[in-house]
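User: Can you walk me through the labels on this one? I'd like to hear what each of them rests on.

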Amino acid sequence: MNATARRGSGWTPWLYLAPALVVLAGLLVYPIYQLGLISFLEYTQAQVSGGEPTTFKGLGNYATLFGDPQFWQVLLATVVFAAACVLATLSLGCALAVLLTRIRAVPRLALMMAALGAWATPAITGSTVWVFLFDPDFGPVNRLLGLGDHSWTYGRYSAFALVLLEVVWCSFPFVMVTVYAGIRAIPAEVLEAASLDGASQWRIWRSVMAPMLRPILVVVTIQSVIWDFKIFTQIYVMTNGGGIAGQNLVLNVYAYQKAFASSQYSLGSAIGVVMLLILLSVTLVHLRLLRRQGGEL
């Protein structure tokens, strides 16, 4: 095959990918461009209605955002909350994935169907159900625990804990099913050899399964980080828009309040850009660490 033919064949994969790339450009690239553009403008309700002209502010919106102490408080709360959700989701999902390999077919099917039911439940529906379960007046949880009219959403930490439970409940099935599929792909001889050598279940997971499942674990971790960092529905529904005096705000709800409740669309866009950069940085750092350790995706 001559050099011209090889160069021609090199374009073939891109021709097959072209339709998908066009769709992605329309769904992702253009909205991100608009988000970034608005973050550099003076764009409030006055500009939307045409009462005032749109002006270029440069980094003015970012200076305002970074000079706001509430932004840093919300950012810290978002990072801590998302980290707790990711850790809890991965721990529960991986534990149940291992459990699925140890139980019989009927209970395994029942567990998977129940988990997939939680996964398929819309976020707003699941959040509403959890609010009812923990309602201080009518919820069954307080009655079972004998807590009377205790309000779980009144305190900052109890409200975050309640939202965390709902997020984990609707997120762990993805981790469980994905990791279970990866475990089933591991040769049985490898696990049997580790068991015959006297390794405990925890040692088998840590020394055998986890290294072999590293590409899968990277994918579910990155997905969980992205999903949990940009939580909106659960916080908004379960804490009634961010809790008392905004004590349960996360960045997505904070951006919504700035953009739509206060009509500061440019400031809300700046928060969106910051979130995008944080998530891109976390993903790139995670992938870089994986490659340094010799892992493949």
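Predicted model: local features only at pLDDT ≥ 70, side-chain atom pairs only at ≥ 80, totals over all residues.

User: Let's start with Thr 55. Why is Thr 55 called partly exposed?

Analyst: Its relative accessibility is 38%. Buried means under 20% and exposed means over 50%, so with 38% Thr 55 falls in between and counts as partly exposed. Thr 55 is in strand S2, residues 55-56.

User: And what does Thr 55 touch, leaving out residues up to four places away in sequence?

Analyst: Phe 40, Leu 41 and Glu 42.

User: Now the loops. What makes Ala 245 exposed?

Analyst: Ala 245 has 81% relative accessibility. The cut-off for exposed is over 50%, so Ala 245 counts as exposed. You'll find Ala 245 in the loop between H13 and H14. Its phi is positive, about 55°, although Ala 245 is not a glycine.

User: Ser 263 also has a positive phi. Is Ser 263 buried or exposed, and how do you know?

Analyst: Buried: the relative accessible area of Ser 263 is 18%, and buried means under 20%. Ser 263 sits in the loop between H14 and H15, and its phi is near 60°.

User: Which residues of H11 are buried, and what covers them?

Analyst: The buried ones are Ile 204, Trp 205, Val 208, Met 209 and Ala 210. Their cover includes H5, H9, helix H10 (188-196) and H12. As for the spacing, an α-helix has 3.6 residues a turn, so residues three or four places apart point the same way.

User: What does Met 209 contact, leaving aside neighbours within four places in sequence?

Analyst: Val 98, Arg 102, Ile 183, Ile 186, Leu 191 and Ile 204. Met 209 also turns up in the largest nonpolar core, among the residues with the most contacts inside it, along with Phe 81, Val 179, Trp 205 and Leu 251. That core has 63 residues, and its largest share, 14 residues, comes from helix H5 (69-100).

User: And the pockets? What makes up the lining of the largest pocket?

Analyst: Its lining divides into 11 nonpolar, four polar and one charged residue. The pocket holds about 340 Å³ of space, and of its 16 lining residues, Leu 35, Asn 252, Gly 268, Ser 269 and Gly 272 are the closest to its centre. H2 (12-38), H14 (251-261) and H15 (265-292) each supply at least two lining residues, with H15 giving the most, seven.

User: Which residues are closest to the centre of the second largest pocket?

Analyst: With about 250 Å³ of space in that second largest pocket, the closest to its centre are Cys 170, Ser 171, Trp 227, Ile 231 and Gln 234, out of 13 lining residues. H9 (156-185), H12 (214-229) and H13 (233-238) give two or more residues each to this lining, and the largest share, three residues, is from H9. The lining of the second largest pocket has seven nonpolar, four polar and two charged residues.

Key:
Residues numbered from 1 in each chain as written. Heavy atoms only, no water. Core = buried A, V, L, I, M, F, W, Y, C linked by side-chain atoms within 4.5 Å. Buried < 20%, exposed > 50% of the residue type's maximum accessible area, 1.4 Å probe, protein only. Helix = DSSP H or I, 4+ residues; strand = E, 2+ residues; numbered from the N terminus. Contact = heavy atoms within 4.5 Å. 1 Å grid on protein atoms, 1.4 Å probe; cavity = no way out; pocket = protein on both sides within 12 Å on 5 of 7 lines; lining within 4 Å. Points joined across faces, edges and corners; volume = space filled by probe spheres on them. Nonpolar A, V, L, I, M, F, W, Y, C, P; charged D, E, K, R; others polar.
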